[in-house]
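Trainee: Could you take me through this model, feature by feature, and tell me how each one is read?

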Amino acid sequence: MADNVRELRPKPSDSEKITINLGYVDLGQVDLMVQEGFYSNRTDFIRTAIRNQLERHADVLKKSATRKSLDLGLRHFSREDLEAARQAREMLHINVLGLASIAQDVTPELARAAIASVCVLGALQASPAVKAALADRTR
């Protein structure tokens with residue numbers, strides 16, 4: 001039965017992996033906090049520190065997102081969305097703070113015909129061909 005099950009739409013990852021460089025003393029202090037039981041691991045410490053800073057600056061972030069007309073969170077663009085925009089002769093301006101995804105069945109030609117600009121603060125998920133087609137429209 002398990003061989004018969006197929007995923008219709010891949011579930012998007014809810015996070016993005018990043019790499020940071022820390023000085024040895026800072027890293028040692030993080031490890032000490034973990035060893036002392038304040039955090040379960042380095043990642044837990046780093047996530048907590050980032051969330052604390054984002055919370056500390058929440059008002060500024062909210063004002064900036066509003067001023068820049070950014071959609072907050074997850075925004076998915078299906079083939080149907082892009083075809084509708086093309087038929088209406090409207091060009092989409094994708095402005096997202098979070099995750100923007102363009103469906104895998106969107107062709108590079110359709111993307112160029114329907115999307116005027118892409119500004120994503122976070123991550124953009126799209127096929128390599130669509131990303132290449134929109135490269136000159138991406139900030």
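**Helix and salt bridges**

Mentor: Helix H1 (residues 24-35) has twelve residues and reaches 16 Å from its first C-alpha to its last, close to the 16 Å expected at 1.5 Å a residue, where the expected span is 1.5 Å times one less than the number of residues. Helices are DSSP runs of H or I with at least four residues, numbered from the N terminus. This is a predicted model, in which local features need pLDDT of at least 70 and side-chain atom pairs count only at pLDDT 80 or more, while totals for chains, interfaces and linings use all residues. Residues are numbered from 1 along each chain as its sequence is written, and side-chain values use heavy atoms, leaving out hydrogens and water.

Trainee: How many salt bridges does a search of the whole structure find?

Mentor: A salt bridge is a side-chain nitrogen of Lys or Arg within 4 Å of a carboxyl oxygen of Asp or Glu, and the search finds four. One of them joins Asp31 and Arg42, with the closest N and O atoms 2.7 Å apart; this pair links distant parts of the chain, Asp31 in helix H1 and Arg42 in helix H2 (residues 42-56), eleven residues apart.

Trainee: Is Val130 buried or exposed?

Mentor: Buried means under 20% relative accessible area, exposed over 50%, and partly exposed in between (1.4 Å probe, protein chains only). Val130, in helix H6 (residues 128-133), is buried at 1% relative accessibility, whereas Asp31 is partly exposed at 30%.

Conventions
Helix = DSSP H or I, 4+ residues; strand = E, 2+ residues; numbered from the N terminus.
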